[in-house]
Amino acid sequence: MAPKPKEKPKPSPATSQPPPPIEDLFASLNKHIQRSEFEQAVKVADQVLSIAPGDEDAIRCKVVALIKADSIDEALSAIRTYQKSPVDFSFFKAYCLYRQNKLDEALDSLKNQERNSATMLLESQILYRLEKLDACIDIYQKLQKSKIDSLEINSVASLVAAGRASEVQGMMEALRVKATSSFELAFNTACSLIDRNKYSDAEQLLLSARRIGQETLMEDNLPDDEIEIELAPIAVQLAYVKQLLGHRQEVTEAYTDVIKRDLADESSLAVAVNNLIALKGPKDVSDGLRKFDRLKEKELQNFQLARGLDLKLSRKQREAIYANRILLLLHANRMDQARELVATLSEMFPDSVMPVLLQAAVLVRENKAGKAEEILARFSEKFPEKSKIVLLARAQVAAAANHPQVAAESLAKIPDIQHMPATVATLVSLKERAGDIDGAAAVLDGAIKWWSNSMTDDNKLSVIMQETASFMLRHGREKDAASLYEQLVKSHGSVEALVGLVTTVARVDVNKAEAYEQQLKPLPGLKGVNVDSLEKTSGAKHVEGAFHDRVVAEAYEEGKNKAKAKKKRKRKPKYPKGFDPANPGPPPDPERWLPRRERSSYRPKRKDKRAAQIRGSQGAVAKEKNEADSKSNPVKGPSQNSLADQPKSKPSKKKKSRN
């Protein structure tokens, strides 16, 4: 037997190759960063750190590359891992926290940083997201001397968001920039014009922004879809301006096109959906709710904006979307969902007016007007600077619920509208409904005193005095009414006031009424009328003058018309051929033109009840039916003898006859 061959010894594992020189790794790292290959840069940085764990340049390159690659969580984790290194990562940590929307923590991370242009710019962006806009604008003003790209774009956006659109023009002149220098600046400047109600100018500037944006992005060789996505905010804002200008049909088509094509960023799509629903109102509630569902977090059953969208929209935009969603739920009578969403809205915007107004609306729909009034009253006491619209809503709810005293009390707490004619008229009407006549009179007296001391619009004083005099007459206060009419006659010389004065004073002082009556101009045609003689006679007498002639002429014309009417020949009615009106016969059936089933005399045919009792197979059915027929209808023979006539005998079996 041949010996087995010896197995060859296995080669020993190769010794690990030595790492490349650190200089080569840094050269590769620099090459990846220059090419914006940030993921590869992170891998090379890890290789460097495996050789030199504490290398500051490698740590910094890794953190920056992770941020550039949008790996924010990993970047923040790396910062915490190397927090003991001598490198100060406070700025990068603040930026990562800003990207995670942890704004307060980001602001704290910047406190000990040097105040250079980079930290100030990041701080301004954090303040803008926190909606601390005045502080944000102050930083932008300090950065005006530094040469920072797009600084004017952010400055204009901050001024518009802060409600200081009137300062935009001055700021741009100070920076020596034109609105059309970039499509972003043109867009933000158009937003400032919208805030100043210059809609036509804003429309033209938005059209310019769209044209400039198309030219700029085409030069960058971007695909058409990406260009449309970049310019979507301009398209939506242009539709909004046309909506303000009243072009409803064109605007509806524009919003619908943006939504259907789905070539827009998340925030622009959300604004288009919200504006389209607001434009349609309650016309198609189910369609509006479906469109809103596109904006919600998919994993949640309740309505909540998607996280990415929630971060991109401003507080005002988010509040508008939630408010319109609640209004649609109210129109759809989904009270449980509306109540739940209102409670969520109160937690999201605790110091806002909109949640409390919507909560009151839900309570009113549930016939709980008293509770709605209490909620509105508590909010107005807690936030007196925002109480005007809340008190107006409370007055409306109370007036509709037949609580006039509560409504009048709410209106009386709004000082800047107290003496406006509309407010005065509403307060007087409410107090009259509540039976507080003295309170209504006090409101009118206060309004007269205020407008008497005011140096503007004297016409409103005369209107209020006239209405006050009518109020006094209506409630039996003739002396007060006469005094007001007398003041109006002396101060304004009003003919209406003079007529009112004469008719009012005649009730208390006839001589004074006759004295004022002399100031009235005589009416033409009444010179020959003797009022005393007319009162003593029972009928009209012949009076010479133009008035008598006119009366006679009118009487003559009336008699002439009556005579013509009497002479009018009566036509005989036409009857059908062969019809005798003397013997018309029975009247026709009033239901003759109705279908037979709709007539009162119609009786439907009864169904055969025996048909429902048939069971079994087809042959059995026929047999049973025949037997049933023979039993119910027995065949009778020729004899018709009864049982009494037959002789008594044993009963014999007879065969059943078959039909």
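1. The model is predicted: local features need pLDDT of at least 70, side-chain atom pairs count only at pLDDT 80 or more, and totals for chains, interfaces and linings use all residues. Residues are numbered from 1 along each chain as its sequence is written, and side-chain values use heavy atoms, with hydrogens and water left out.

2. Asp265 sits in the loop between α15 (248-261) and α16 (266-280). Helices are DSSP runs (H or I, at least four residues), numbered from the N terminus. Asp265 counts as partly exposed because its relative accessibility is 22%; the class lies between buried (under 20%) and exposed (over 50%), with a 1.4 Å probe and protein chains only.

3. The Asp265 side chain makes polar contacts with the side chains of Ser267 at 2.6 Å and Ser268 at 2.7 Å. A polar contact is a pair of N or O atoms within 3.5 Å, where one must be able to donate a hydrogen and the other to accept it; residues adjacent in sequence count only if both atoms are side-chain atoms.

4. Elsewhere, the axes of α17 (residues 285-293) and α19 (residues 315-331) come within 10 Å and cross at roughly 145°. Axes are lines fitted to C-alpha atoms over the stretch in contact, and angles run from 0 to 180 degrees between N-to-C directions.

5. In α17, Val285, Gly288, Leu289, Phe292 and Asp293 meet residues of α19, including Ile321, Arg325 and Leu328.

Technical notes
Helices (H or I, at least four residues) and strands (E, at least two) are DSSP runs, numbered from the N terminus. Contact means heavy atoms within 4.5 Å.
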